[in-house]
Amino acid sequence: MNLEVFADKIRYYTLRELHTLGFGHYGGSLSIVETLAVLYGEEMNTSVAQKDDVQRDYFVLSKGHAGPSLYATLFLKGYFDEQTLYTLNKNGTSLPSHPDRNKTPGIDLTTGSLGQGISGATGIAKGHKIAGRSNNTYVIVGDGELNEGQCWEAFQFAAHHQLDNLIVFIDDNKKQLDGFTSEICEPFDFVEKMTAFGFASWRIDGGSTKAISEAVKEAKKMIGKPIAIVLDTVKGQGVPFLENLKDNHHLRPDESMQQQINDAIQELGLRLGNEVSNHV
């Protein structure tokens with residue numbers, strides 16, 4: 001699979017579903033697109049056919065507000081049809097604003113209350129270890145989310161139990177709801193912190209499918225330690241107009257912004273051609 005094309009498709013459908021809804025978490029959804037492309041396009045042992053197989057890999061989106069990009073990915077992997085994608089956050093939908101394992105096919109853990117997803121993912125990884133399984137658990141946590149102390153309790157637990165089947169991606173997109181993470185609560189160096197907590201940890205370009213793919217392959221070789229891959233990303237990643245917005249965590253676009261978002265969708269659609277649909 002061409003991972004760069006897959007990432008473009010995820011970005012295209014993420015924008016389409018949010019554009020249809022008219023508002024939502026654009027910034028943090030787009031900053032993890034390349035990571036989702038690598039995980040679902042290449043690295044994770046999971047599929048619709050394996051959804052009930054406990055031997056498959058598990059994925060947890062701890063930063064649940066980025067659900068739209070995960071939904072776009074699951075649609076592209078065949079978990080539900082395209083029309084379902086455009087019911088995002090509407091009455092009666094199976095795609096609520098934050099992932100719900102009881103509503104959406106392909107969701108392994110309900111998330112959205114920040115700080116709790118990493119604890120759940122750690123529990124899943126520990127459960128697989130107890131059962132003697134060789135599968136991996138992957139989790140994406142937000143940089144702002146790491147203001148929550150519960151995350152660090154989970155990390156300490158994971159390191160103590162040597163959960164080398166747990167791969168944590170820290171989406172370091174530099175912003176959270178109220179502004180820059182450095183202004184809200186200085187995070188300091190995530191690699192140094194995760195290393196101090198007993199993880200094997202390094203920083204990569206979170207906008208490069210090649211760098212992410214190489215990092216995951218390296219992580220899978222690790223023995224005796226959980227892994228933290230710090231993603232150097234930008235909120236609104238891949239859409240220059242959104243990247244440059246000061247407040248791009250959650251948007252209710254006005255008419256001018258809607259037009260710019262529509263232009264970005266059209267540009268992606270032209271680049272992808274027959275790879276994507278052009279109707280809702």
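A crossing of two helices is left-handed if the near helix is turned anticlockwise from the far one by less than a right angle, and right-handed if clockwise. Keep that in mind for the second stop.

This is a predicted model, in which local features need pLDDT of at least 70, side-chain atom pairs count only at pLDDT 80 or more, and totals for chains, interfaces and linings use all residues. Residues are numbered from 1 along each chain as its sequence is written, and side-chain values use heavy atoms, with hydrogens and water left out.

**Stop 1: the whole chain**

Show the protein chain as a cartoon. There are 12 helices and seven strands. Helices (H or I, at least four residues) and strands (E, at least two) are DSSP runs, numbered from the N terminus. The radius of gyration, taken over C-alpha atoms, is 18 Å, close to the 19 Å from the globule rule (2.2 Å times the number of residues to the power 0.38) for 280 residues, so the chain is as compact as a globular protein of that length. Its C-alpha trace spans about 50 × 45 × 35 Å along the principal axes.

**Stop 2: α1 against α12**

Select residues 3-21 (α1) and residues 255-272 (α12). They pack at about 145°, axes 10 Å apart. Axes are lines fitted to C-alpha atoms, for helices over the stretch in contact; angles run from 0 to 180 degrees between N-to-C directions. The crossing is left-handed.

Now show side chains. Contact means heavy atoms within 4.5 Å. From α1, the contact residues include Val5, Tyr12 and Leu15; from α12, they include Ile261, Ile265 and Leu268. By class, this contact has eight nonpolar, four polar and five charged residues. Ala, Val, Leu, Ile, Met, Phe, Trp, Tyr, Cys and Pro count as nonpolar, Asp, Glu, Lys and Arg as charged, and the others, Gly among them, as polar.

**Stop 3: the largest pocket**

Select Lys51, Arg56, Gly106, Ile107 and Asp108. Of the 19 lining residues, these are the closest to the centre of the largest pocket. A pocket, on a 1 Å grid over the protein atoms alone, is an open set of points with protein on both sides within 12 Å along at least five of seven lines; lining residues have an atom within 4 Å of a point. Its volume is about 350 Å³, the space filled by probe spheres set on the points, which are joined across faces, edges and corners. The lining has eight nonpolar, four polar and seven charged residues.

How values were computed
On a 1 Å grid over the protein atoms alone, a cavity is a set of points where a 1.4 Å probe fits but cannot get out, and a pocket is an open set with protein on both sides within 12 Å along at least five of seven lines; lining residues have an atom within 4 Å of a point.
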